[in-house]
Number of protein chains: 2
Amino acid sequence: MNIDGAPWRTIWRDETSGSVEIIDQTRLPHRFETRSLTSLDDAAEAIAVMRVRGAPLIGATAAYGLALALRDDPSDAAVARARERLVATRPTASNLAWALNRMAPRVLARPASARAAEAFALAAALCDEDVAINEAIGEHGLALIRRLASERAGDGPFRILTHCNAGWLATVDWGTALAPIYKAFDAGLDVHVWVDETRPRNQGAALTAWELAAHGVPFEVITDNAGGHLMQHGQVDLVITGTDRTVRSGDVCNKVGTYLKALAAQDNGVPFYVALPGPTIDWDLDDGVRQVPIEERDPREVTHILGEDEDGVLREVRLVPKGTAARNIAFDVTPARLVTGLITERGICAAGEDGLLGLYPGAAFDRGAA
Amino acid sequence: MNIDGAPWRTIWRDETSGSVEIIDQTRLPHRFETRSLTSLDDAAEAIAVMRVRGAPLIGATAAYGLALALRDDPSDAAVARARERLVATRPTASNLAWALNRMAPRVLARPASARAAEAFALAAALCDEDVAINEAIGEHGLALIRRLASERAGDGPFRILTHCNAGWLATVDWGTALAPIYKAFDAGLDVHVWVDETRPRNQGAALTAWELAAHGVPFEVITDNAGGHLMQHGQVDLVITGTDRTVRSGDVCNKVGTYLKALAAQDNGVPFYVALPGPTIDWDLDDGVRQVPIEERDPREVTHILGEDEDGVLREVRLVPKGTAARNIAFDVTPARLVTGLITERGICAAGEDGLLGLYPGAAFDRGAA
């Protein structure tokens, strides 16, 4: 998408240096900085500390991480080590394993001297595919917004609540949950976005706010606590979130707090949709609440926060009494019964195995090729 | 309650100077400072900027605010002006109006020269009454915790989730939601508290964490987003919150986000109780969601935050892109259907008119004397 009128992706290869370039999202919204990844270590660190985040983008970064590893050592053992290392960086999103599972056999089929080049080519193709998937999600979501906007009784802007950042910063471009919003805005629809700040990492207040502002989409930041009240008072027409992993039953794992918004949406009759690229489906799991591994991160992300002071200096401050214990659970699972529908690159379906298999026939038996 | 072993209340009169002293809660948890209120202006400002907060404590502060006003001008007009000024500081809690409605006729019945002294005496009595009410809530809540702890299947600590601060800092002493927890801890029960940080003002992470630590009660701070996940995984045995206003139907208005926790509690079969001093009941209203006025505060409370840097300096930092629009809705209403029971100073009842009238017979016709 555009920043100051110029098109950007979140990850790309610098053809001159051969390094992989990313936007360092730990510095947003206060600083816009890019960063070079030149090794497997760099890629793993970028994923672990969330310089890149969002299920599709960490899949793409892992793909490039494998390529960088093979540039240094193209052996079978190096492929295995790189896969193990990258999958361990973040446990919840399934895109990491998906990207690596898809690449590995194709890379291993090549002679050692050709493996790095093959991996870079596959990573680049995966990025292009992600952009196409997300744009297709945007088109299907746009049709949904048009329909819901025409059916509702009220007037004024069509108000969409979103949690976390599932925008272009979470993908290679376009985003998942925000792709329909960009499409709607670009098509001239009167939309307004309620942006959940999304504690503790504030991906909403920091990243979603930043990218919506850069594109000119009207929005207001709210606390994660406020969405229920807004829904009780008819101020939300639609909820769209992304997902880090959707299981075949339609249970959706996403940033912690998504489940609470889904409960409020159900209690108030607000449509709750999840935008979902095919590669985030985990066909092996049936019960999201019991089976999806939920990442627990450093409590310091809860007890401390980075912001910009009035002099423009970035400062980390402590929010709690010194020595306070905290827990930092990063994701939760929204049961399929609370999800109105899934917006995929192949269309919209009910949140359930029948719905998913209708769009991805045979996919449960062909994981690598989804 | 105790700070470093010494007993404190949140508000008291300095008999030497005649001023009213408070703990300045905007400085906690980083600084413990008291502040003198010497005029109506001081009292109104302290309530409006939340140097004092919590329904019972703002009622007590309003009572002293009226007394301070009468010290300067004991006329009938001054009483009316002070009431109007104080009620306007915070629109949601009903304790403000309750305290002033109760005091005004008694003050006006006295000759002008005796009015200030009468008001100070009534304010002091109101504070003592608040302490007694809260301790009684603690005893009834303790019995509830004992029963639930004996009935549950699991072992380990009995885990209680609370939202916002309804501890002694929200009252004159003891607290409402935390009074049962202090009683349980003091009685030797093995309790653990999940403390919702409670954005945007972080009353949980700042105030509840501070007072639980000062008393030695085990707890961990979590983001407001995390409670649903914990309940899905059987890690919450009980939710207790306070309330700013409960209407006769049993709908409960409390800090924004309470409704989301109540939905999650219902979805997971977790008991959801609200601790409730009689003076927070608004017998005039029936429909909490439609009728309780919900305060909307300065968006800067969402976009900026105060914390302590590594050098111990208090700094306010901005969390969002410069110029970002935000909304700051301070309260929400939890419908009675989601509330397992109300813990009052007179016992525990179902959340509804029958339950409330069972404990407060005739109260609906005698508001001032509740």
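**Exercises on ring pairs and the chain interface**

Over all chains, the structure holds twelve aromatic pairs (rings of Phe, Tyr and Trp, the latter by its six-membered ring, with centres within 6.5 Å; planes under 30 degrees apart are stacked, over 60 edge-to-face, the rest tilted). This is a predicted model, in which local features need pLDDT of at least 70 and side-chain atom pairs count only at pLDDT 80 or more, while totals for chains, interfaces and linings use all residues. Residues are numbered from 1 along each chain as its sequence is written, chains are lettered from A and ligands numbered from 1 in the order in which they are written, and side-chain values use heavy atoms, with hydrogens and water left out.

**Exercise 1.** Classify the pair B:Trp8 and B:Phe32 and state where each ring lies.

*Solution.* Step 1: the centres are 5.0 Å apart and the planes make 85°, which is edge-to-face. Step 2: B:Trp8 lies in the loop between β2 (6–7) and β3 (11–13) of chain B, and B:Phe32 in the loop between β4 (20–23) and β5 (34–37), 24 residues apart (strands are DSSP runs of E, at least two residues, and helices runs of H or I, at least four, numbered from the N terminus). Step 3: B:Trp8 has 26% relative accessibility and is therefore partly exposed (buried is under 20%, exposed over 50%, partly exposed in between; 1.4 Å probe, protein chains only). B:Phe32, at 32%, is also partly exposed.

**Exercise 2.** Treat B:Trp283 and B:Tyr360 likewise.

*Solution.* Step 1: the centres are 6.1 Å apart and the planes at 65°, so this pair is edge-to-face. Step 2: B:Trp283 is in the loop between β13 (281–282) and α10 (288–291), and B:Tyr360 in the segment after α12 (353–359) of chain B, so parts 77 residues apart in sequence are tied together. Step 3: B:Trp283 is buried at 3%, and B:Tyr360 is buried at 1%.

**Exercise 3.** Describe the interface of chain A and chain B.

*Solution.* Step 1: 62 residues of chain A are in contact with 62 residues of chain B (heavy atoms within 4.5 Å). Step 2: the buried area is about 4900 Å², 58% of it from carbon and sulfur atoms (accessible area, 1.4 Å probe, lost on putting two parts together, summed over both). Step 3: in chain A, A:Asn225, A:Leu260 and A:Arg327 lose the most area to chain B, together 15% of what that side buries. Step 4: eight salt bridges are counted between the chains (a side-chain nitrogen of Lys or Arg within 4 Å of a carboxyl oxygen of Asp or Glu). A:Arg327 forms a salt bridge with B:Glu220, with closest N and O atoms 3.8 Å apart.
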